[in-house]
Amino acid sequence: PFATLPQVIVSAKAGSGMEELRQAIHTTMLGDAGCENLESVLLSDRRHREALVRAAGSLERVADGLRCELAPELLALETREALSALGQITGETTPDEVLDLIFSRFCIGK
């Protein structure tokens, strides 16, 4: 599945290739449409919206940290938070409160 994705050579040490990486991510995610042609997103689940808001906040902090040249470890923490929030939508990570809600609605073991 990764063979169809663009390949970009980057160097964290030299900082080269970052603009090419940004462009490749943008093109892969949005195509040639650009942000102005995106359709609205309708979320029917409040929990999903809250997770997206948390993920967006974390990614904004990553972007700010990159501009301020913060330590990669700090940026990794915020990136992990964003991934965790998105994982709550995809089902990869499930907080205990969601599990409690799910199991409170079903009668199991009778």
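**Helices, salt bridges and a pocket in a predicted model**

Gly 65 touches Leu 70 and Leu 75, leaving aside residues up to four places away in sequence; a contact here means heavy atoms within 4.5 Å. This is a predicted model, where local features need pLDDT of at least 70 and side-chain atom pairs count only at pLDDT 80 or more, while totals for chains, interfaces and linings use all residues. Residues are numbered from 1 along each chain as its sequence is written, and side-chain values use heavy atoms, with hydrogens and water left out.

Back to Gly 65, which sits in helix H2. Helices (H or I, at least four residues) and strands (E, at least two) are DSSP runs, numbered from the N terminus. With a relative accessibility of 1%, Gly 65 counts as buried. The cut-offs are simple: buried means under 20% relative accessible area, exposed means over 50%, and partly exposed is in between (1.4 Å probe, protein chains only). One of the contacts of Gly 65, Leu 75, is 10 residues away in sequence, and the C-alpha atoms of the two are 6.6 Å apart in space.

Ser 58 is another residue of helix H2. Its relative accessibility is 4%, so Ser 58 counts as buried too. Not counting residues up to four places away in sequence, Ser 58 touches Glu 78, Glu 81 and Ala 82.

Stepping back to the whole protein, there are four helices and zero strands, and reading along the sequence gives the pattern α-α-α-α. The protein has 110 residues, and 14% of them count as buried. Of the contacts between residues at least 6 apart in sequence, 33% join residues at least 24 apart.

Next come the charged pairs. The whole structure holds four salt bridges, each being a side-chain nitrogen of Lys or Arg within 4 Å of a carboxyl oxygen of Asp or Glu. One of them joins Glu 78 to Arg 61, with the closest N and O atoms 3.0 Å apart. This pair links distant parts of the chain, since Glu 78 is in helix H3 (residues 72-90) and Arg 61 is in helix H2, 17 residues apart. Glu 78 is partly exposed at 21% relative accessible area, and Arg 61 is also partly exposed, at 44%. Glu 78 has already turned up as one of the residues that Ser 58 touches.

Other salt bridges sit within a helix. Arg 46 and Glu 50 meet through their side chains at 3.2 Å, N to O. Both belong to helix H2 and lie four residues apart, which is about one turn of the helix. Arg 46 is exposed, with a relative accessible area of 64%, whereas Glu 50 is partly exposed at 36%. Because Arg 22 and Glu 19 are three residues apart in helix H1, about one helical turn separates them. Arg 22 is partly exposed at 47%, and Glu 19 is exposed at 51%.

Arg 22 also shows up in the largest pocket, where Arg 22, Ile 25, Leu 59, Val 62 and Leu 66 lie nearest the centre among 13 lining residues. Rolling a probe the size of a water molecule over the atoms shows where empty space is left. On a 1 Å grid over the protein atoms alone, a pocket is an open set of points with protein on both sides within 12 Å along at least five of seven lines, and lining residues have an atom within 4 Å of a point; a cavity is a set where a 1.4 Å probe fits but cannot get out. The largest pocket has a volume of about 670 Å³, a volume being the space filled by probe spheres set on the points, which are joined across faces, edges and corners. Helix H1 (18-30) and helix H2 (46-67) each supply at least two residues of the lining, and H2 gives the largest share, five residues. The lining divides into eight nonpolar, two polar and three charged residues. For this count, Ala, Val, Leu, Ile, Met, Phe, Trp, Tyr, Cys and Pro are nonpolar, Asp, Glu, Lys and Arg are charged, and the others, Gly among them, are polar.
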